Structures are given as structure tokens and as C-alpha cells.
Amino acid sequence: MITKRIIPCLDVRDGMVVKGKNFLGVREIADPVELARFYNQSGADELVFYDITASAEGRGLFTDVLERVASEVFIPLTVGGSINTLADFDRVLKCGADKVSVNSGAIKNPTLITEGAKRYGSQCVVLSMDVKRVDGTFRLFAKGGREDTGIDAVEWARQGIERGAGELVVNSIDTDGVRGGFDIELLQKICEFSTVPVIASGGAGNMEHFLELFRKVPNIDAGLAASIFHLKEVAIEDLKKYLEDQGIEMRRTQL
Amino acid sequence: MIAIVDYGVGNLFSLCASLKKIGAEAIVTRDVEQLEKADKIILPGVGAFGDAIDKLYETGLVPHLLRMAQEGKPFMGICLGMQLLFERSFEFGEKEGLGLIKGNVCDLSADIPQSLKVPHMGWNKLEIRAKDEPLLKYVKEGESVYYVHSFYAKDCEESIKAGSEYHVFVPGVVRNGNVCGTQFHPEKSGETGLNILRAFAEA
């Protein structure tokens with residue numbers, strides 16, 4: 001059967017990997033190509049890159065980084081950040097991306113999901129969503145978690161799948177950066193109906209949090225994290241060994 | 001020299017990069033002479049069967065590719081490229097394939113419970129059926145490969161060399177003589193995938 005995936009997420013600004021806390025306080029950490037190579041050797045099942053650059057020069061640096069990564073790391077690469085048009089899809093796919101992640105661009109223009117799926121196939125379109133509890137409901141946020149859209153997040157996920165998204169990345173703003181574990185309640189709610197793979201994001205602080213995720217949300221496909229991997233608090237090979245020992249099926253890299 | 005058939009489907013960045021990584025010389029071409037000169041041929045592909053086979057016919061290459069395959073040139077299909085090697089597909093109506101391997105390409109969702117997601121997407125473990133399969137020279141039982149597909153090969157028992165469990169047994173590596181294929185993406189399957197491409201390049 002399909003194994004559960006462990007995915008490090010790399011936020012890239014001006015050609016460097018950075019990681020903010022609760023969407024604030026950004027700082028530089030490492031060279032993305034080095035880091036990608038390291039994660040590949042550690043057994044990461046996929047890599048997610050978000051382009052958090054604002055400038056045109058930064059965008060060029062990002063595609064350059066992507067091309068260099070894709071030239072030596074042969075696992076699936078998902079790329080997001082500032083994807084607003086089909087031309088943006090094209091730009092990153094040509095540099096070696098396998099899947100394209102849409103977020104604010106799809107909120108502004110939901111047909112972007114449909115058009116992307118029509119041209120490149122559903123498997124290529126990932127709907128990434130930032131979710132926060134507001135007045136007892138799950139609310140969809142835009143612009144990197146800064147703007148409350150007023151849209152019901154669970155409904156948005158449902159619509160995204162109908163429009164042709166082939167995968168969901170569900171990022172909980174409430175648990176992100178807190179390191180108290182994934183947002184089990186939110187993820188259960190979405191996995192109840194999702195017919196496409198769901199990737200959990202936000203809140204991983206230790207190995208046990210991944211085990212809790214895979215046990216409590218059996219339909220979840222992957223756990224994504226950034227800082228605990230970047231800061232070497234959790235090594236991916238140790239994490240996968242731990243999960244496998246606990247009966248969670250993992251991809252084995254070295255046999 | 002490996003020739004990758006260029007017929008306008010799919011993104012060849014990773015395939016080219018992975019061949020380069022293992023030190024195999026490769027070109028992307030739709031030129032008959034170049035294909036003729038090449039020692040081996042890779043037929044790539046993503047998307048829908050009907051659209052892809054139509055595009056392949058539009059290049060005018062089909063009779064040449066069939067001849068080269070029949071003459072014994074090592075020939076490998078990847079993902080949809082593998083599906084095209086079979087006799088027919090039932091994706092959006094019945095459509096004939098290249099017929100180089102006996103079998104049909106059928107809807108996976110019709111044969112598995114609804115609780116299982118389609119496409120069959122992600123890493124799945126390889127069960128090896130034929131220990132002597134040349135593509136698997138450097139691969140051990142239980143290594144994982146990366147799949148993304150909604151249709152799968154059926155009625156092809158004799159050509160299955162390895163595959164993965166997804167309620168049904170999904171053929172992952174198939175072969176009929178010099179013609180072989182992988183349903184998964186070796187260019188996205190980490191070291192295991194590179195080793196499969198290496199074995200093809202060396203054979």
C-alpha cells in the first residue's frame with residue numbers, strides 16, 4: 001500500500017531558505033540546494049518549496065534554485081508561492097516542479113484550480129490552505145495567513161476538490177509554530193470527506209506528534225514540517241524508523 | 001546514447017536530469033535518424049491515453065518505433081509511455097495502443113474500494129516477481145517507487161516482472177523481450193529509480 005510521507009518544507013526568499021514563526025519574524029537559515037540534497041539523503045519522501053519573495057529579482061533566484069534542486073534531487077517536488085496564473089504554473093513546471101501549489105491565487109480566482117487541472121492534470125494541482133479558528137468555525141485565511149477571507153475552510157476544501165485539486169495541504173495557523181502537535185480536529189474534519197491526498201501542516205514539535213497524526217487521522221497521507229527539520233531537532237531518518245517501529249508504513253530508502 | 005521520444009507530452013526535465021545524473025547520454029528527439037542511431041529508446045508520457053497516442057501518431061514516428069522495437073532495440077515506456085505499449089486502453093472510450101505487450105489498460109477505480117484514493121499517488125513498495133528482470137538488477141524487494149496514475153495494466157500476467165499492492169496488484173515493471181516499461185516514475189523514485197534507469201542504460 002501507499003506509504004505515509006514525511007515532507008520538509010522550504011520557504012525560499014531571495015534564494016535562501018527561511019522559517020518564520022506564526023507568520024512573523026522571518027530569518028535566514030540555509031542554502032536551499034544544500035538542504036534539499038541533505039533531506040533527500042535523509043529519506044524525505046517529497047520536498048515542498050514556497051517562494052516567499054516579493055521582488056522580480058527574487059523570483060529569478062527562486063527558479064534558479066528550483067532548477068538546481070531538480071537537477072540532483074529525484075523525488076517529487078511541490079512548488080508554491082505567488083502562483084496566480086497558468087503562466088506561473090508553466091514557469092515552475094519547466095524548472096522541474098512536479099506539483100504546483102496554489103493558495104491566495106486560487107482564493108482570488110478559483111478557476112485557477114480548474115484551469116491548472118485541465119492543462120496539467122489534477123495530480124499536478126495542490127490546493128494549499130491556511131486555516132484559523134474564528135468564532136468557533138474554521139476560517140480560510142489569505143496572504144500568508146494575514147487576511148481573514150470570511151470563507152469557511154472546510155467548505156473551501158470541498159470546493160477545491162470539486163474544481164480539480166489533486167491534493168490538499170492543510171496548514172493550521174493556530175498550531176503553526178507552537179510545536180504542540182498537528183491540528184488533529186481540523187485534519188479529521190477534512191479527511192472525513194476528502195477523496196484526494198491530504199498533507200498535514202503546522203504544529204509538529206517532536207516525533208510523537210507525527211505518530212499522533214497518523215494514528216488519530218488514519219486517512220492523512222503526509223506530515224509536513226519545517227523548523228524541526230531545519231534546526232535538526234528531528235532527523236528524518238530517525239523519525240521514519242520510529243514511525244515504522246510503531247507500525248506506520250514508511251518508504252524505506254536503504255535496504 | 002538513449003533517445004527520449006519527443007511527441008509533445010509531459011515534462012522531460014527530471015527524466016533528462018536523472019539520466020545525466022547517472023552518466024547516461026541522452027537526447028530528446030522526434031527525428032527518425034536520431035532514433036535510429038540511438039542504442040536505446042525511452043517513450044515518456046503523462047496525461048490521457050487517447051490524447052497521447054494521437055499525438056504520437058501525428059509525429060509519424062509510430063511505424064518507425066514499431067520497427068525498431070521489433071528489430072530488438074531496447075525500448076522502455078515510462079508511466080503513460082508504458083501504457084501505450086499495450087494493445088488497448090479504456091480511458092475515455094476504447095483506444096488502440098502500440099500492441100508491443102499483450103494486455104489492456106483499465107480504470108483502477110472500477111477494481112478497488114471507494115475508500116482508496118484514485119489516482120494511485122505516492123510511494124509504494126515493489127514486490128519482485130521475476131528475480132532475473134534486468135531493470136531490477138540493482139533493486140531489492142520492498143524498495144519503494146513513486147506512482148501517479150488512475151489507469152493500470154491488466155490481462156498481462158506473463159509480462160509482469162514487479163508491481164505494488166493497492167487492493168489489486170498494480171503492474172509496476174513489465175517486459176516482453178526487449179520492450180519494457182514502468183508504471184511508476186523512475187526519475188522521481190529516488191535512488192531506487194536512478195538504479196532502474198542505470199540498469200536500463202547499461203543493459
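**Figure 1. Where chain A meets chain B.** In this predicted model, 25 residues of chain A are in contact with 28 residues of chain B. Sorted by class, chain A's side of this meeting comprises 10 nonpolar, 7 polar and 8 charged residues. As a reminder for readers who compare interfaces, the size of one is often given as the accessible area lost when the parts come together.

**Figure 2. Chain A as a whole.** Before we zoom in, here is the overall picture: chain A holds 10 helices and 12 strands. Its C-alpha trace extends over about 45 × 40 × 35 Å along the principal axes. A compact globule of 255 residues would have a radius of gyration near 18 Å, and the 17 Å of chain A agrees with that.

**Figure 3. Helices H1 and H2 of chain A, side by side.** Helix H1 (residues 32-42) of chain A and helix H2 (residues 56-70) of chain A have axes that come within 9 Å and cross at roughly 30 degrees. Angles under 35 degrees count as roughly parallel, and H1(A) and H2(A) are therefore roughly parallel to each other. Their crossing is right-handed. Look for Pro32(A), Val33(A) and Ala36(A) on H1(A), which meet Val65(A), Arg68(A) and Val69(A) on H2(A). The classes in this contact of H1(A) with H2(A) are 5 nonpolar, no polar and 1 charged residues.

**Figure 4. Helices H3 and H5 of chain A at an angle.** Here helix H3 (residues 86-94) of chain A packs against helix H5 (residues 111-120) of chain A at about 45 degrees, and their axes are 10 Å apart. H3(A) and H5(A) are therefore oblique to each other, and H3(A) passes H5(A) in a right-handed crossing. From H3(A), the contact is made by Leu86(A), Phe89(A) and Leu93(A); from H5(A), by Glu115(A), Gly116(A), Arg119(A) and Tyr120(A). By class, that gives 4 nonpolar, 1 polar and 2 charged residues where H3(A) touches H5(A).

Figure 5. Helix H8 (residues 207-216) of chain A and helix H10 (residues 236-245) of chain A have axes 10 Å apart and pack at an angle of about 45 degrees. H8(A) and H10(A) are therefore oblique to each other, with a right-handed crossing. On H8(A), Met207(A), Phe210(A), Leu211(A) and Phe214(A) meet Leu239(A), Tyr242(A) and Leu243(A) of H10(A). The contact of H8(A) with H10(A) divides into 7 nonpolar, no polar and no charged residues.

Figure 6. Lys232(A) sits in the loop between helix H9 (227-230) and H10 of chain A. Its phi is near 60 degrees, a positive value in a residue other than glycine.

Figure 7. Chain B contains 6 helices and 14 strands, and its C-alpha atoms fill a box of roughly 50 × 35 × 30 Å along the principal axes. With 203 residues, a compact globule would have a radius of gyration near 17 Å, and the 15 Å of chain B agrees. Now follow the open sheet, whose 8 strands are ordered E2-E1-E3-E4-E14-E13-E12-E9 (chain B) with mixed pairing. Strand E2 (26-29) and strand E9 (127-128) of chain B stand at the edges with a single partner strand each, so one side of each is left without a neighbour in the sheet. Further in, strand E4 (residues 75-78) of chain B pairs with strand E14 (residues 179-182) of chain B in the parallel sense over 4 bridges. One pair to pick out is Gly77(B) with its bridge partner in E14(B), Gly181(B).

**Figure 8. The four-stranded sheet of chain B.** This open sheet of 4 strands runs E6-E5-E7-E11 (chain B), again with mixed pairing. Its edges are strand E6 (95-96) and strand E11 (151-154) of chain B, each with a single partner strand, so one side of each lacks a neighbour in the sheet. E7(B) and E11(B) run antiparallel and are joined by 4 bridges. In E11(B), Tyr152(B) is the bridge partner of Cys106(B).

Figure 9. The bond from Val118(B) to Pro119(B) is cis, with omega near 5 degrees. Pro119(B) itself belongs to the loop between strand E7 (101-107) and strand E8 (120-125) of chain B.

Conventions: Residues are numbered from 1 along each chain as its sequence is written. Chains are lettered from A and ligands numbered from 1 in the order in which they are written. This is a predicted model: local features need pLDDT of at least 70, side-chain atom pairs count only at pLDDT 80 or more; totals for chains, interfaces and linings use all residues. Two residues are in contact if their C-beta atoms, placed from the backbone, lie within 7 Å. Ala, Val, Leu, Ile, Met, Phe, Trp, Tyr, Cys and Pro count as nonpolar, Asp, Glu, Lys and Arg as charged, and the others, Gly among them, as polar. Axes are lines fitted to C-alpha atoms, for helices over the stretch in contact, and angles run from 0 to 180 degrees between N-to-C directions. Helices (H or I, at least four residues) and strands (E, at least two) are DSSP runs, numbered from the N terminus. Angles under 35 degrees count as roughly parallel, over 145 as roughly antiparallel, 65 to 115 as roughly perpendicular and the rest as oblique. A crossing is left-handed if the near helix is turned anticlockwise from the far one by less than a right angle, and right-handed if clockwise. Two strands pair if DSSP finds at least two bridges between them. The radius of gyration is taken over C-alpha atoms; the globule rule is 2.2 Å times the number of residues to the power 0.38.
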